[in-house]
Structure formats: C-alpha cells, structure tokens
Amino acid sequence: MSSGFPLLSLIIWLPIVFGVAVFATGNDRNAVLARWIALVGSLLGFLIALPLGSGFDTTTSAMQFTESYPWFERFNVNYHIGVDGISMPLILLNCFFTPIVVIAGWEVIKERVSQYMGAFLVMSGIVNGVFASLDAVLFYVFWEASLIPMFLIIGVWGGPNRVYAAIKFFLYTLLGSLLMLVALIYLYQTSGGSFSILDYHQLPIPFAPQILIFIAFFLAFAVKVPMWPVHTWLPDAHVEAPTGGSVILAAILLKLGGYGFLRFALPITPDASHYLASTVIVLSLIAVVYIGLIALMQTDMKKLIAYSSVAHMGFVTLGFFLFNAYGIEGAMVQMISHGFISGAMFLCVGVLYDRLHSRQIADYGGVVNKMPAFAAFFMLFAMANAGLPGTSGFVGEFMVIMGSVKISFWYAFLAATTLITGAAYTLWMYKRVIFGAVASPAVERLEDISKREFFLLAILAIFVLWFGLYPYPLTDVMHASVDHLLNHVSNSKL
Amino acid sequence: MNFIPPDFAPASSEIFILIMVCVVMLADLGAGESRRYVAYLLTQMALLGCAVLTFLSFSTDVSQTFSGMFVDDAMADILKLMVYGTVAAVLIYSHSYIEDRGMLRGEFFSLVLFATLGMMVMISASHFLTLYIGLELLSLSLYALVALRRDSVVATEAAMKFFVLGALASGFLLYGMSMVYGATGTLHVTQLAQIIQSEASSKEVLVVGLVFIVAGISFKLSAAPFHMWAPDVYEGSPTAVTLFIGSAPKLAAFGFVMRLLIEGLGEMVADWQGMLIILAVMSMAVGNIAAIAQTNIKRMLAYSTISHMGFVLLGFISADSNGYSSALFYVFAYVLMTLGSFAVIMLLCRFGYEAENIEDFKGLSKRNAWYAFVTLLLMLSLAGIPPMIGFYAKLAVLQAVVNAGYIELAIVAVLLSLIGAFYYLRIIKLMYFDDPETSEPILPNSDVKILLSANGFAVLLLGIFPQALMGLSLYAIQNSM
C-alpha cells in the first residue's frame, strides 16, 4: 500500500525537527519551555505513528507505506523507506517510549535540560529511520547516527564512570558496524551497483563470500543485541546511563540488533545462516544460562537488570536461528515484550534512585512499608521479567521454547532453565529491596510514587498484561512477513 | 625567425595574482602601522579577483600554453577555485589571531599569496619543470611563514626542520625526474605518457625514477614513512600558519599527484600501485595509532592528517576515474574539516595565551554550547560517522577500493579508522563530559562567527546532500587532460 501522503517520512523527521527546536531553546533558563516542546513533540510523534498501525495491511508481506526518491545518483543511493510486519511494531514501540522517557526525565533532569530532551527526540527519529530504511546506505547512516545521541546521553548525564562506559559503548558498536559497511560495499559491487536491501535479498552469493558477509553482519548485530561474549559494554552503559537512557537503551536500541538479523543476516545470507546456526544457538544458550547465573550475583540493581536483558535477548537470537515460525515469531514477541518489561524495570529502579541516589540492593529493604503502590507495580514487572504466565514475558519465551523443542530437546531444556534462574534473580532482588524490615533511616523517609510516576508505570503495566493475555494483535501483524521470511530463508541462494 | 608570443589567457589568474602580490607589498609599505588592514583587504580582493578570472575562463576545453608547459583544464579550474576559497577562509579565521601576535604585516599576506601562486602553478603544470617550480614556490613561502615569528625558538626550530626535510624531499623528486628524463628524453607530461606507452624507454631506469618521485610526493603529502616533519611543524608553527599548511596545499598536492603519477606516469600504474598501498596502510596505521598518545592538539591533528592522507592515497590505488574522484572528494572534505578544527583552536586562544593542549577543550559545551556543537560535528566528521561529510568521503574511497578488488585493504582501512575514532571521541568527551577550567568567554569576531557556523553546517549539509560535490569531483577528473 503506497499512499501519496509521506506518513513514514513524517514519523522519522517530525521528532528530529522538534528535537532541533528543543536544542534551540538554549540554556537552562528556558528549561520549562524545553520540557513542554519535547513533550508536545514526542506525543505528536506517537500520535502520527498510530495510523501506521491502523492502516497496516496484515495480509501481505510486501513493504507498505513505501517512499522512494533518488538521493545521490553517483552511487545509486535512494531515500527508500517502507515497513513490513517486522519493522512496523518496532517503530510503534519506539514512538511509544519517547514520551515515556520525556516524562520520566521531567523533574529529574535539572542540568542542560534542552540538550537532554532534544537528544531523546532526535534519537527517536533516527531509530525510526533505522527500522524504516530499505536502502543500505540510508540504513547505515541512521544506524551510526543513533550512536551519537546515546553517546552524549550516557556521557553527560550518566554516573561516575560514565566516560568509560560511553566510549566503550561507542567503540564496540562502531567496530561491528564498520565491518558491516565493507560487507555492504561488497554487496553493492556484486549486485552491479545497487544499495537496495530488497535487491540484496534476491542476490545469489557463492558460499565463501556468504560466510564472510554473514560474519560481518553478525558482528555488527551481535554487538548491538548484545550476545555473549560481546555483551560487556551493556552492563557498563546501563549502570552509568541516566534512567531515560537506560530505558531507551534496553527497550529500543537493543532491538536494532535483533531487527538487523531479520532484515540483513537471515535473508541476504541464508545458506551461511543455516550453516552457522548451531554456533549462534550455542552462543544464545550461553547467554541464557550463564548470564542468568551472573545476574544472580549482582549487587547493583541496574547491573542485574542489564544482565537479565542479555539473557532475555539470548532468547531472541535463539528464536531467529531455529528457522521455524514459532521461533521467529516468538523472538519478535520477546523483543516487543522485553521492550516494555525492561523499560518498566529501569523506570522502577529510576524511581528508587531518584529518592536515595543508590542502586545498591544492600541499601534498600522494607520499601513496601513506605511505598506500597510502587511495590505493587514493581511486583508485576518483576513477575513479568521472570516470565510469569499472563504477562507478556511468558509469551515470547514460551513460543521460543516450543520452537526449540522441534529442533532438539536439549536446546529447549537449556532455554527453559531461564524460567528458574530468571525467577531466582528477579524475585530475590525484589525480596531484598521491597520486603523485610525498614533497612535504614533513608528508607524510612521514602515517599510513595507521584502522579507522574504512577501514570508511567500504569501505562506500561497495561501493555505488559495486555500482550500477556492477548498477544494475537502482535502475532497477527507479523505473521505474513515472518512466513515470507521463512520461505525465503529456506531457499538456497548459492 | 619570428617570435610568436605565447598565449597568456590560460594563465590570466596566475598573472593577476603575481601583480597583486606586488601591490600588496607596496601598499603595505605605504599604509603604515595603523592601517595594516589594507594588506588584508587587498589580499582578499586578490583572491576574489582570481576567482572571477578563473570562473570566467572556465570551459571544458583543454588549453595549453608556454610550449605545452602550462595547461588549463576543468580540473585545474575547479581545484584552483577550491584553493582560493580555502585561502580566503584561512585568512578570515586567522585575522585576529595574527593581529594579537604582531604578525599582521604585509609579509604575511604576500607570502600567503606567493604560496597560493605556487599552488596554482602546481595545479596547472604539464611539465616536470613547471611542477617543480610551483612546488618550490609553495614550499619556500611556507618555510618563511613558519619562521615569521623569528624570536620564537619553537617556530624557528620547526622552520629549520621543515626546510631541511623539505629540501631533501625536493632533492628526491628532482633525482627521480632526472631518471625519468634519462629514460624517456622528455619532461612533458603528455609526451611522457606516449613514450612510455610505446615502450621505447628503459623500464628499469623508469622504475627507479618512479620510486624517488613517489618518495618525494609522500614527503609533500606527509604520508608515512615520510611523515616525520608534520607533527613537529604543526606543533611549532603559529596556529594560523599550521592552518594554512594543513589545508590548501593538500588540494595542490592532489593536483600534483594527478599530473605526475596519473597523467604522466599513468602507464606505470602496476608499479606505483604497490608503493601506494604500502604508503597508504602505513600512513593510516602510524597516523591513527600515534595520534592516541598525543596531548598536544596540533600534534594530534598532524597525525590525523597523516592518516587522512593514507585514505586519499587509497583512492588513487584503484586507478580509475571513480577512484580519483573519490580521492578528490576526500581531499575536499578533509580541507573543510581541517579549516573548522583549527579555527576552533584559534577561537580558544586568547591574547597572550596559546591553546595547544587537548585539555583546552575541557567543558567547551558549558562555555559556549554552539561552538561545542560545531566542534562535535567536525570531530564526528573526522571520525567518519554519518551523516557527516567525512563518512561519504570514506564511503566513496572504500567503494573504489572494493571495486578494484582490494577488499582486504578496505577491511584494514576500516579497522584502523576505528582506532582513529577514539581520539576524536576524546575531544568530544572533553567538551561535553568534563567541566571547564576557565570561565573566560569566547568572543569571536562576527566574520569568524558566521564562517565557522557555515563551516560546521557545510560538514553536515554536504554530508546529507553529497551528490553535487561528488558530481563536481567526477566532472573535474573526467575533464582533465
């Protein structure tokens, strides 16, 4: 479906324009104005993204809302954008989270407000661009550009060790993407001068180059997901990032890696993907099992959730490389649900951190006595993080485990251990923080969540429960595209 | 025997600038201490006049004059226009810097104009002798510029180093040229190509000559392992002069390489390709790795220049118009970024204070958010992050390299530029993550303010819309002789 109205472009550029407007408000004297412009911009960004969902045709796997204009003809690069069932939900997720982080930072961020708010808006637009790009150069531009605002967000508003974390984040991601750039240039050469991703899907590639291209893609996306053993930047970045940064990082930026696998690695190099699938699956299972155990040992709440993110994203890569519908759809559902749950978990930690300025589990205890409403929300999200049936966390993991049973019992067995470790690390943390006697005078002085915080957590709770009880709208949207992808991947391209 | 006067028209802008050099010197003599700006304004007018002359004479025809020693083609015109723009920007940026340091004198401007003339001759030369004359005119003016603050020990040392090594490089170049002359019997660029093609020359002697020529070129481009002078000269020179050395001469050097290696010795591509590969990889490695250890911003940018020149050489390796045009695009992008970066350094200098350490960037975003943002754009562009122009420059070169079948080279190049990203990020870190050590306000003149903002925007906008500049680069290459 291609309408005359450039809806998708608007979804990409509107937040960026508002972001620039927020920057233009200048220093902190205009902080109030900056906040309001940011809120209006992010809400508008979300509202105009809604027609993308309502106008989406779930019966086809073809690209929808496409737009294509020549960008620079010298290299045959086009401004070519469009969405299918895989990218559309991710764009909606991103547009949904932008107002969330703007509201979350509303009172907390007091320094350089316009830069903070502006960076999030610009990032939102850039990430939409990544999901919508159908041209490899356009994709790469958005992909790399998304590093810049996040680098600044971690580095400027982060914790004590923020510089190390920001530079590590930037360089790790850049390493992967630069190799991907070489792979894309190689594809441009072999395809006879095209940067269209859809052309690459049809391009036959001999086995040896396919392996190399796959490895280049794999490095780029595995760093972003992040998979074991290139995950070490994530805990550092999360711990040091401000709450809003952590939320966007976990909820949105990690999904870029997963999306990359579905858009690039699997369809462009299907034979290499099949050939190396067992390796990827083993790495994913290590993430699920081993990182789960590491999470158990953490004393810092944010670090714990960061490691649990790595473990949950292990399910995503596991699902992709099972090459069956349960696996891939389950992995997609897991991506969306992890977005809501990890976002909510980081917001909860942020609520505590704003009051006590500590992320150490040991500094808390007995919070339920002082913050009952907060404890209830945190309970729900902790349960969802542990994969309790009825929450969205269960659906994705269950589908991926179903998918892996079809391949091998042991894959499924190892993956299923997460239901135990996940529950252990999440609930143990919950117990130590929330229950027990009031641990210190600081905890004694805690006040329960404000209306603003209540509103944020309530909205997220609704989505976590909704997709847990009734995931059909989600799977329906992606069904046609996933089927098409599976068909495509099962055919050799040699 | 009739004397037929040569056709002066193709060289009109060179002749004009030579007249203007004399006018500037005389006017400055008469203007006296209080009216130093006269020389400045006259210099800018000279550049503007040259631009008009070059623009009016712009055509796709190739016209040769002075017995074929001088050529005027579209590539020369485009390169010259870029040189004028760059020199004009250098003067605007450095105006208040040199005024504060007592260098605002006629000598400065006449030397800059002489250097510009040298560059123009290099770009338009089609004979080894004219090439050499242009190169020496440029080099000697630069030596003098570096030494202009004669009571500064550092500057004098830098000038000595620059002069000795530069003279050595010129010696190499001349020796190589004499070998080539011995093998072929001609110094005309066009005839040379024909003679080598007809294989009427001794291959061995030619190759030996080529080695010396490539070594000489590498000196001038500051490509490793002939890069040693660059960090010392960059550090020792007054920043305004560093800016000049680091920017416009690279455009001329590009023209020089085109005339010498591609148009003259293009038939020997198989021989120089291998040399350039080694030079390119070494430059990128040495430049990027050594830059990490620098605490002096000018030294750091010198090493960054070395690594960028490695990338430019990479563009030549593919030996087709695609590769050459990407190298030209790269040079232009590099010049744009260098101009901006040094302008910011001069902005941080105050009266009696030289900003030289990377620590001087500390907390720039709190001192002045706008210039910090411009510097952010410049640094990201130098690191090759999209959507800045530096990314497209790298993309174009890498594409040409992969096209020529050197995919391993492309991988080495991206890995080395990953190392490079680190030290640009460090500047961003200092600007944005650290607190300022001084609260001294940054107060540039309004012309610097406008130009620097435009420079920053150009880095971004030419990155988002690179089509026109890429087309121009290709056009220039396709319409060279």
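Author: Let us begin with a definition: a salt bridge is a side-chain nitrogen of Lys or Arg within 4 Å of a carboxyl oxygen of Asp or Glu. This is a predicted model, in which local features need pLDDT of at least 70 and side-chain atom pairs count only at pLDDT 80 or more, while totals for chains, interfaces and linings use all residues; side-chain values use heavy atoms, with hydrogens and water left out. Residues are numbered from 1 along each chain as its sequence is written, and chains are lettered from A and ligands numbered from 1 in the order in which they are written.

Reader: How many salt bridges are there over all chains by this rule?

Author: The count over all chains comes to 19 salt bridges. In one of them, the side chains of Arg263(A) and Asp84(A) meet, at 2.9 Å from N to O.

Reader: Where in the chain do Arg263(A) and Asp84(A) lie?

Author: Such places are named by helices (H or I, at least four residues) and strands (E, at least two), which are DSSP runs numbered from the N terminus. Arg263(A) is in helix 11 (residues 243-268) of chain A, and Asp84(A) is in the loop between strand 2 (77-83) and helix 3 (87-104) of chain A. The pair links distant parts of the chain, 179 residues apart.

Reader: Are Arg263(A) and Asp84(A) buried or exposed?

Author: The general idea is relative accessible area: buried means under 20%, exposed over 50%, and partly exposed in between (1.4 Å probe, protein chains only). Arg263(A) and Asp84(A) are both buried.

Reader: Which residue forms a salt bridge with Asp300(A)?

Author: The partner of Asp300(A) is Arg359(A), with the closest N and O atoms 3.2 Å apart. Asp300(A) lies in the loop between helix 12 (270-296) and helix 13 (301-320) of chain A, and Arg359(A) in the loop between helix 14 and helix 15 (367-370) of chain A, so the pair ties together parts that are 59 residues apart in sequence. Asp300(A) counts as buried because its relative accessible area is 8%. Arg359(A) is buried too, because its relative accessibility is 14%.

Reader: Which residue forms a salt bridge with Glu14(B)?

Author: Glu14(B) pairs with Lys80(B), the closest N and O atoms being 2.7 Å apart. Glu14(B) belongs to helix 1 (residues 12-31) of chain B and Lys80(B) to helix 3 (residues 74-100) of chain B, 66 residues apart. Both residues are buried. Elsewhere, salt bridges that share partners join Glu157(B), Lys161(B), Asp232(B), Glu235(B) and Arg299(B) into one network.

Reader: How many disulfides does the structure hold over all chains?

Author: A disulfide is a covalent bond between the sulfur atoms of two cysteines. Here the term is applied to a pair of cysteine sulfur atoms within 2.5 Å. The structure holds 0 disulfides over all chains. Cys50(B), for example, is in no disulfide, and the nearest cysteine sulfur, that of Cys22(B), is 13 Å away. Cys50(B) counts as buried because its relative accessibility is 0%.

Reader: How many residues of chain A are in contact with chain B?

Author: Contact means heavy atoms within 4.5 Å. By that test, 34 residues of chain A are in contact with 39 residues of chain B. Buried area is the accessible area (1.4 Å probe) that two parts lose on being put together, summed over both. Between chain A and chain B it is about 3,400 Å², of which carbon and sulfur atoms give 79%. The count of salt bridges between chain A and chain B is 0.

Reader: Which elements give two or more residues to the side of chain A that touches chain B?

Author: They are strand 1 (64-72), helix 5 (136-145), helix 6 (147-157) and helix 7 (162-190) of chain A. Helix 7 of chain A gives the largest share, 16 residues.

Reader: What does Ser473(B) touch, not counting residues up to four places away in sequence?

Author: Ser473(B), in helix 20 (residues 467-478) of chain B, touches Ser325(B), Leu328(B) and Phe329(B). Ser473(B) counts as buried because its relative accessible area is 2%.
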